[in-house]
Amino acid sequence: MDLGFTPDQLALQKIAQDVVAKEITPYALEMDHKGEIKEGLLTKLDEAGFLNLPVPEEYDGPGLDAITIALIYEELGKGCAGVATTVAANSLASYPVIVAGTDEQKKYFFDKINNGTLAAFALTEPGAGSDAGAVATTAVKDGDDYILNGTKCFITNGGNAGIYIIFANARKSAGIRGLTAFIVDRDAPGFSVGKEEDKMGIRASNTSELILDNVRVPAANRLGREGEGFRIAMKTLDAARPFVGAVSVGIAQAALDAAVKYAKERIQFGKPIASFQLVQALVADMAMQVEAARLLVHKACWLKDQGMPFSKEAAIAKCFASDTAMKVTTDAVQVLGGYGYIKEYPTEKYMRDAKIMQIYEGTNQIQRMVIANQILY
Ligand code: COS
């Protein structure tokens with residue numbers, strides 16, 4: 001594994017740093033407070049080329065490797081994890097199409113993503129979270145169409161996407177072997193957006209319920225075969241988990257930077273608190289964990305880019321990096337003391353944002369199951 005980056009990777013990292021410094025960081029606390037993304041920011045992110053990162057070159061996308069995408073997500077995560085989540089949801093929704101789409105489906109879906117449309121990946125339901133195979137949304141064949149009925153919940157970009165990947169069960173008695181993925185347009189009759197969630201963190205991102213009431217979807221919009229949905233979902237989550245790790249690394253690095261800055265400025269007992277060894281130990285531990293998390297994220301991405309198996313490493317990267325983000329942001333709040341706990345400083349936001357990284361795209365308990373299963377069986 002080459003630990004250096006190519007000039008192209010460094011150039012894109014720099015673009016991301018500039019966009020984050022100008023367009024995201026100054027507005028992060030305001031977006032968090034209001035619970036919405038700043039007006040016009042998505043257009044700017046689209047212009048910067050961040051909405052279609054995984055779209056292959058043959059479909060007019062940048063066709064970026066996973067390491068480059070991770071570098072960009074880390075920068076976005078430093079600026080605002082809610083914005084990073086909004087952008088990363090487009091990657092999550094793109095992978096089912098990359099994994100199982102026909103040429104025609106890829107053209108249709110990626111054309112929208114390339115033109116700035118937000119996408120959403122809709123697997124989760126009230127009764128199907130970790131148990132992804134328990135999806136109750138039904139897809140019943142009717143001539144050349146399927147009729148979809150059900151409710152999805154906790155869907156990132158649910159309220160502001162233009163196109164959706166919906167998982168439904170086409171053969172109820174077959175359990176996970178009935179799970180089937182469909183491309184669904186927002187304007188499909190019977191499709192509607194339900195309530196928007198009011199969240200602890202990543203508040204700039206939209207998380208909504210989706211309601212499917214006799215939504216007629218052409219069979220031509222089915223991804224892969226009937227019953228192939230579980231495999232498509234698992235392959236998608238494998239591909240996307242290192243990026244949750246990358247955003248987590250960004251949050252953790254931002255928290256570490258804030259703690260270091262504060263520790264150098266804050267005077268107690270007549271000197272900066274950075275001169276006290278207990279604070280130094282906190283900073284050293286935070287730095288070690290961030291560095292290790294980053295390397296694990298890059299290793300999972302590197303394996304993917306080499307076309308090698310990476311499912312276990314994707315779970316390790318997601319789990320370790322998000323646990324790191326939670327630990328490091330908590331320690332950053334500790335370094336800032338009372339100031340770390342109030343909204344005037346960014347550390348309490350980092351801590352709230354970090355929590356969801358341990359939960360979404362597979363809880364860290366599920367990641368540990370995936371890791372253990374691959375080691376033991
Ligand atoms: N890639 C390809 N196929 C996979 C796979 C992967 N990473 N993981 C599992 N599969 C396949 C298996 O090969 C198996 O296929 P066969 O039955 O043909 O052999 C099938 O899927 C079932 O696998 P398994 O028995 O391991 O599934 P489980 O029901 O035990 O569940 C977990 C596996 C728990 C790992 C899965 O349900 C999961 O990842 N849950 C979390 C879902 C999630 O992340 N939700 C968050 C919301 S979506 S953002």
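Predicted model: local features only at pLDDT ≥ 70, side-chain atom pairs only at ≥ 80, totals over all residues.
Residues are numbered from 1 along each chain as its sequence is written, and side-chain values use heavy atoms, with hydrogens and water left out.

The protein chain is assigned to domain 1 (7-114), domain 2 (119-226) and domain 3 (230-376), the bounds being taken from an automatic or database domain assignment. A distance of 22 Å separates the C-alpha centres of domain 1 and domain 2. Across this pair, 19 residues of domain 2 are in contact with 26 residues of domain 1, contact meaning heavy atoms within 4.5 Å. About 1,800 Å² is buried between domain 1 and domain 2, with 65% of it on carbon and sulfur atoms; buried area is the accessible area (1.4 Å probe) that two parts lose on being put together, summed over both.

The ligand is surrounded by 21 residues, each with a heavy atom within 4 Å of it. The closest are S130, R177, D238, R241 and G362. Because domain 2 and domain 3 both contribute residues to this shell, the ligand lies between them. The shell comprises ten nonpolar, five polar and six charged residues, where Ala, Val, Leu, Ile, Met, Phe, Trp, Tyr, Cys and Pro count as nonpolar, Asp, Glu, Lys and Arg as charged, and the others, Gly among them, as polar. Helices α7 (229-265) and α11 (364-376) each provide at least two shell residues, and α7 gives the most, with seven; helices are DSSP runs (H or I, at least four residues) numbered from the N terminus.

A polar side-chain atom of D238 is placed 2.7 Å from a nitrogen atom of the ligand, and a polar backbone atom of S130 lies 2.9 Å from a ligand nitrogen atom. For R241, a side-chain N or O atom is 3.0 Å from an oxygen atom of the ligand. Of the 1,000 Å² of accessible area that the ligand has on its own, the protein covers 62%, as computed by the Shrake-Rupley method with a 1.4 Å probe.

Terms used
Polar contact = N/O pair within 3.5 Å; in protein donor to acceptor, adjacent residues only side chain to side chain.
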